[in-house]
Structure formats: C-alpha cells, structure tokens
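Let's take a walk through this fold, one stop at a time.

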Amino acid sequence: RTPLHDAHVELGARLVSFAGWTMPVWYTSALDEHRAVREKAGLFDLGHMGVVQISGAHATEFLNAVTSNYTAWLEDGQSHYAYLLDPDGRILDDVMVYRRAADRYLMVVNAVNEAKDWEWLTGINDGRYLIDREIPARRPSPKVTIRDLKRDRGVIDIALQGPLSGEILERILGPEERLSVQALERTGFCELIVDGHQLIVARTG
C-alpha cells in the first residue's frame, strides 16, 4: 500500500491489485477523470514506482553504461528519458534519470519492473552481470553507491497533471518557490522545502 492508501479508501476509489500494490484505478469513471485532467487537473498516486539513487564519483560513467541516453549531457536540475538495456540491446525497462549533482542522480523505475531493475543495477555494479559479451571482463566504472530511496527514505512520486496544475501547485508555495517552479523548462526540476518537507518538483509529465 502506498502512503495515500487510506485517503483513497475514504474518498471511495475503486482499488485493484497492480504489481503487488493496491492502487486506485478511478473514483467515478475513466471518462470523467480523463475529462477532468484534460480540462482542469488530476492528482495521481505514483507511490508504487521505484525511486533509486545512484551516487559517487563515477555515477555519470555508470549511467552512461547501463542506460540508452547520454547522461553526461545532463546538467544539475535536468532530467531525461532512457531505457535500461541488457548486453544484447533488449529493453529491460524505461526510466527517468534526474541529475541532482555531478555525483548524484535519481532514477524512477516502473513498479512492475522495480525488483528486476534493482537486481540488474546492483548486479552490474557488483560485477555479477556482463555489459559486453565480446569483452566479458569489461565493467561500466568503479563501483557506485545505489540506494532504494522509497524504502530507505520513504521517497514517493505524485503526479499533478492538467492545465490548472501549475496554479494548484503554486497555492502551497511561497513567493521564492513559485519563481523556481515558474522558471522550469521541459524536463527540468528544482528542489524545494515546503512546510518542512523536501520536494523535487519536475516538469516531466
């Protein structure tokens, strides 16, 4: 169950099992909620998705080796979409990678693949899996530190989407935080403290 489970029950959501999690699929109907998001806004519980931190001096090199996009192009406060690939180029999962600093990245993975992705990333880091069949001894980099932030720190995702999403978000922000959010470009993010809670606010859709 996600931290918002009790709220979903209280609000009358229809709950189903998904990837080992009890998740809401809708409150009234798919059509009503589709229209609400297209015309106003919707709030989505993504607390089931995996949140992984990859850090250390060689974090960029590691991500360049295990994902399909070029992580070195990212600057602080930028993110991109990528695939996790096996040595034969088969897609293991699609992920979002966020650069918080040159030596610290956040990766969001799909719930249904979370355990598999964790095993793959830690296995590559520990040298248990190949990254190059033609050169079996090749390693992506010296070891990095990989942490499961959802389990270690209680970090979760919430998606606020729709034409009124910016206006709704700004209601809980102070003047400086509003400016930071308003300045975000597509796939950019900022880190804020709101009512004592650390937030990463991203325009990643």
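Which residue takes a positive phi in the hairpin of strand 1 and strand 2? Alanine 19 does, at near 50°, and the hairpin has two residues between its strands. Before going on, some housekeeping: this is a predicted model, where local features need pLDDT of at least 70, side-chain atom pairs count only at pLDDT 80 or more, and totals for chains, interfaces and linings use all residues. Residues are numbered from 1 along each chain as its sequence is written, and side-chain values use heavy atoms, with hydrogens and water left out.

Strand 1 (residues 14-18) and strand 2 (residues 21-26) run antiparallel and are joined by five bridges; two strands pair if DSSP finds at least two bridges between them. Strands (E, at least two residues) and helices (H or I, at least four) are DSSP runs, numbered from the N terminus. Across the pair, phenylalanine 18 stands opposite tryptophan 21.

Most residues other than glycine have a negative phi. Threonine 187, though, has a positive phi of about 70°, and sits in the loop between helix 7 (175-182) and strand 10 (189-194). Aspartate 195 has a positive phi near 50°, in the loop between strand 10 and strand 11 (197-202). As for cover, buried means under 20% relative accessible area, exposed over 50%, and partly exposed in between (1.4 Å probe, protein chains only). Threonine 187 is partly exposed at 24%, whereas aspartate 195 is exposed at 71%.

Now look inside, at helix 3 (residues 59-66). Its buried residues are Ala59, Thr60, Phe62, Leu63 and Val66. An α-helix has 3.6 residues a turn, so residues three or four places apart point the same way. The buried residues of helix 3 pack against several elements, including strand 4 (50-55), strand 5 (78-85) and helix 4 (114-126).

Leaving aside neighbours within four places in sequence, serine 55 is in contact (heavy atoms within 4.5 Å) with Asp103, Arg104, Val144 and Thr145.

Finally, step over to strand 9 (residues 158-161), where isoleucine 158 is found. Isoleucine 158 is partly exposed, with a relative accessible area of 48%.
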